[in-house]
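Keep the sequence and the 3D view open while reading.

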Amino acid sequence: MGNRLGPKLQAGRRRMLFLFLLSLFRPALSEQIRYTIPEELTRGSLVGKLAKDLGLGLRDLPTRNLRVSAEKKFFTVSTDNGDLLVSDRIDREQVCGRKSVCVLEFEMVAEKPLNFFHITVEIQDVNDNPPTFSQNVTELEISELTPTGATFALESAQDSDVGVNSLQQYYLSPDPHFSLIQKENPDGSRYPELVLKAPLDREEQSCHHLVLMAVDGGEPTRSCTTQIRVVVVDANDNPPVFTQDVYRVSVSENLPLGSSVLRVMATDLDEGINAEIAYTFINVDKAVRQLFKLDSKTGELTTVGRLDFEERESYTIGVEAKDGGHHTAHCKIQIDILDENDNVPEITLDSESKYIKEDTELGTVVALIKTHDLDSGFNGEVLCQIKGNFPFKIVQDTKNTYKLVTERVLDREKTPEYNVTITATDKGKPPLSSKRSLSLKVSDVNDNAPVFHQASYVVHVPENNPPGTSIAQVNALDPDLGPNGQVSYSILASDLEPRALSSYVSV
């Protein structure tokens with residue numbers, strides 16, 4: 001029975017089977033694919049068997065034209081086997097800074113049919129950065145009357161690695177007068193404090209030399225050291241005392257240069273030079289000094305650089321207050337940066353062709369759209385849309401990806417070209433938006449029959465005309481283009497016999 005089916009019926013059944021199988025595989029293809037690799041892999045290193053994970057065979061690769069979304073420079077796809085490979089050096093500290101989890105998200109684009117595949121690559125940290133101190137020697141002045149148990153802030157070592165590879169522990173060279181304790185900042189970073197465990201006597205020993213070591217948790221471990229020189233001096237009766245241990249403030253990222261952030265204050269019960277307090281930064285990196293300035297006399301913190309929420313969301317700043325008798329006190333300033341809607345959404349377009357056939361089925365993907373906004377929260381949420389009477393609509397695929405698909409029947413003879421403007425608008429107040437234009441030309445198909453100017457023609461012909469005489473002219477028009485619109489004429493029927501007709505008239 002199956003062998004007796006006509007070729008059109010057999011082709012129709014095969015098409016229905018293909019569409020059914022495609023509907024089964026479509027949910028799997030839209031799932032996000034995740035890989036994990038260490039940083040600093042050499043160029044050409046394997047990230048994952050991408051084509052295999054997408055369910056694509058080797059024979060599918062030439063037609064699908066699998067490629068990485070243009071904005072990601074770190075990866076490429078092998079044209080031979082469809083493997084995802086490293087194409088550029090990936091320095092986790094440069095890409096993600098101090099984030100605990102470093103993830104690169106991007107899209108793969110495939111053609112025929114046009115589609116997005118969402119890829120996530122987690123970059124694991126390797127212990128490629130040792131801890132470092134900013135200076136080789138640190139000098140501390142401590143009064144001989146300082147009570148045991150007093151603590152003194154020491155410079156923190158900086159380590160660009162994260163997790164177990166970051167700085168884990170401090171060690172102090174043995175000394176009968178000092179020990180070391182380790183504390184944590186609100187952001188989780190560790191810092192050392194020197195503890196006085198035995199009374200000092202300047203007349204007995206005026207200077208103590210210590211070695212501070214910082215060690216990370218990598219395998220193998222990395223470390224660094226700095227010298228600590230403790231100078232024993234005569235001290236006054238009372239050390240400075242801050243009004244707060246931790247000062248907290250939230251400021252907008254658009255804060256103008258020179259704006260006051262807050263003011264720290266320490267008091268000293270002594271008089272004269274012993275009560276004169278000077279404020280300085282302690283345990284702050286270069287980036288903080290480029291953004292903030294601390295008045296040594298008033299303790300007022302002001303901005304000297306532009307804050308950017310997208311670059312860093314918070315800062316922890318150490319401040320030391322020292323009086324004229326060399327007593328010190330310490331506090332922390334916790335600054336949280338508030339996001340402002342200061343980034344315009346970005347639009348990326350990807351399409352197979354600028355031409356679309358006028359008999360294209362409804363729901364056909366015309367272009368892939370991706371939006372990206374550096375802002376956070378509502379300021380970073382983007383709505384993508386088109387305005388105007390177009391036979392297309394935008395369908396959201398994921399949070400930041402969309403598809404432009406056909407919604408109504410196309411007719412080249414009515415509208416041969418569309419200039420579609422895509423607008424991406426965020427939810428900030430006020431909202432920011434950007435636009436991208438896409439030109440689509442409708443290609444012709446032979447969907448119009450020729451039409452005569454008249455349904456019938458009546459011609460009066462005198463007898464005895466010589467051969468070749470024109471007796472009438474008919475005209476038909478076809479609105480299609482090219483070969484589809486070329487018209488040819490022939491006589492199909494006559495009340496004369498066909499052989500007799502050809503002996504009288506021709507077209």
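Cys384 is buried, at a relative accessible area of 6%. The model is predicted.

**Cysteines**
- Cys384 falls under the 20% limit for a buried residue, so its 6% relative accessible area places Cys384 in that class.
- Cys331 is also buried, with a relative accessible area of 2%.
- How many disulfides does a search of the whole structure find? The search finds 1.
- Cys96 and Cys102 form this disulfide, with their sulfur atoms 2.1 Å apart.
- The torsion about the S-S bond of Cys96 and Cys102 is about 65°, so the disulfide is right-handed.
- Cys96 has 12% relative accessibility and therefore counts as buried.
- Cys102 is buried too, with a relative accessible area of 1%.

**Domains**
- The domain assignment divides the protein chain into domain 1 (33–124), domain 2 (137–233), domain 3 (241–338), domain 4 (346–443) and domain 5 (448–506).
- Between domain 2 and domain 5, the C-alpha centres lie 107 Å apart.

**The sheet of 4 strands**
- This open sheet runs in the order β16-β23-β22-β19. Its pairing is mixed.
- Which strands stand at the edges? They are β16 (246–252) and β19 (278–282).
- Each of these edge strands has a single partner strand, so one side of each is left without a neighbour in the sheet.
- Neighbouring strands of this sheet are turned by 30° against each other on average, direction ignored.
- Strands of a sheet pair through backbone hydrogen bonds, either parallel or antiparallel.
- β19 and β22 (residues 314–322) run antiparallel, joined by 5 bridges.
- Ile282 has Gly318 in β22 as its bridge partner.

**The sheet of 3 strands**
- A further open sheet has the order β9-β12-β11, with antiparallel pairing.
- β9 (151–153) and β11 (178–184) are at the edges. Each has a single partner strand, so one side of each lacks a neighbour in the sheet.
- From one strand to the next, the twist averages 35°.
- β9 is joined to β12 (residues 190–196) by 3 bridges, and the two strands run antiparallel.
- Phe152 has Leu194 in β12 as its bridge partner.

**Nonpolar cores**
- In soluble globular proteins, nonpolar side chains tend to be buried together.
- The largest nonpolar core here has 29 residues. Phe242, Phe292, Ile317 and Ile335 have the most contacts inside this core.
- Which elements each supply at least two residues of this core? They are β16, β17 (260–263), β19, α5 (286–291), β20 (292–294), β22 and β23 (328–338).
- β23 gives the largest share of this core, 5 residues.
- Ile317 touches Phe281, Val284, Val288, Phe292, Leu301, Cys331, Lys332, Ile333 and Ile335, not counting residues up to four places away in sequence.
- A second, separate core has 27 residues, including Val47, Ala51, Phe117 and Ile123.

Technical notes: Residues are numbered from 1 along each chain as its sequence is written. This is a predicted model: local features need pLDDT of at least 70, side-chain atom pairs count only at pLDDT 80 or more; totals for chains, interfaces and linings use all residues. Side-chain values use heavy atoms; hydrogens and water are left out. A disulfide is a pair of cysteine sulfur atoms within 2.5 Å. Buried means under 20% relative accessible area, exposed over 50%, partly exposed in between (1.4 Å probe, protein chains only). Domain bounds come from an automatic or database domain assignment. Two strands pair if DSSP finds at least two bridges between them. Axes are lines fitted to C-alpha atoms, for helices over the stretch in contact, and angles run from 0 to 180 degrees between N-to-C directions. A nonpolar core is a set of buried Ala, Val, Leu, Ile, Met, Phe, Trp, Tyr and Cys residues joined through side-chain atoms within 4.5 Å. Contact means heavy atoms within 4.5 Å.
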